[in-house]
Amino acid sequence: NFFDAHTRLPELARRLETHEGLVVACYCAAWCDTCNAYRPGFEALAGRLPQHLFVWVDIEECEALLDEIDVENFPTILVQSPQGNLFFGPLLPHLEHLERLLQGLDASCPADHPGPGPLKDLID
């Protein structure tokens, strides 16, 4: 359940239409060495947590998925449920931090965080 939004956008759009669990998006940039080092672990976490949908978003290639929000720190993580945003902000590039965050969240958590709108609605 890992999608690179830049290379698999049509497939991601189809999957978002039917996904009922959490969507975990990592906003990054191709030039960011921290992001490039973080990505393999992010993909591996997607394999360990198949109930969630993991999305890698290059902010320069997939600007629409930012929904006019500025991302200044990498990695910036978005966690959405069908009800809205559960988390949006920079996270230290240690996978155990993300894993701990996800363990504390589920689709029934209050969705009151600012950030981009539903990713499925932002895909053109």
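Colleague: Where is Pro75 found?

Modeller: Pro75 is found in the loop between β3 and β4 (76-81); strands are DSSP runs of E with at least two residues, and helices are runs of H or I with at least four, both numbered from the N terminus. The peptide bond from Phe74 to Pro75 is cis, with omega near -10 degrees. This is a predicted model, in which local features need pLDDT of at least 70, side-chain atom pairs count only at pLDDT 80 or more, and totals for chains, interfaces and linings use all residues. Residues are numbered from 1 along each chain as its sequence is written, and side-chain values use heavy atoms, with hydrogens and water left out.

Colleague: What makes Glu68 exposed?

Modeller: Glu68 has a relative accessible area of 78%. Exposed means over 50%, buried under 20%, and partly exposed in between, with a 1.4 Å probe and protein chains only; Glu68 is therefore exposed. Glu68 lies in the loop between β3 and β4 and has a positive phi of about 65 degrees, although it is not a glycine.

Colleague: Why is Asp67 called partly exposed?

Modeller: The relative accessible area of Asp67 is 31%, so Asp67 is partly exposed. Asp67 is also in the loop between β3 and β4, and its phi is positive, about 55 degrees, although it is not a glycine.

Colleague: How do you know that His52 counts as buried?

Modeller: His52 has 8% relative accessibility and therefore counts as buried. His52 sits in the loop between α2 and β3 (53-58). Leaving aside neighbours within four places in sequence, His52 is in contact (heavy atoms within 4.5 Å) with Asn1, His19, Leu22, Val24 and Leu102.

Colleague: Why is the sulfur of Cys62 too far for a bond?

Modeller: A disulfide is a pair of cysteine sulfur atoms within 2.5 Å. The closest cysteine sulfur to that of Cys62 is in Cys28, 8.9 Å away, and therefore too far for a bond. Cys62 is buried, with a relative accessible area of 7%. A search of the whole structure finds zero disulfides. Cys28 is in none either, the nearest cysteine sulfur, that of Cys35, being 4.8 Å away.

Colleague: What makes Cys28 buried?

Modeller: Cys28 has a relative accessible area of 1%, and so is buried.

Colleague: Which residues have the most contacts inside the largest nonpolar core?

Modeller: They are Tyr27, Phe42, Phe54, Ile77, Leu98, Leu102 and Leu119, in a core of 45 residues. A nonpolar core is a set of buried Ala, Val, Leu, Ile, Met, Phe, Trp, Tyr and Cys residues joined through side-chain atoms within 4.5 Å.
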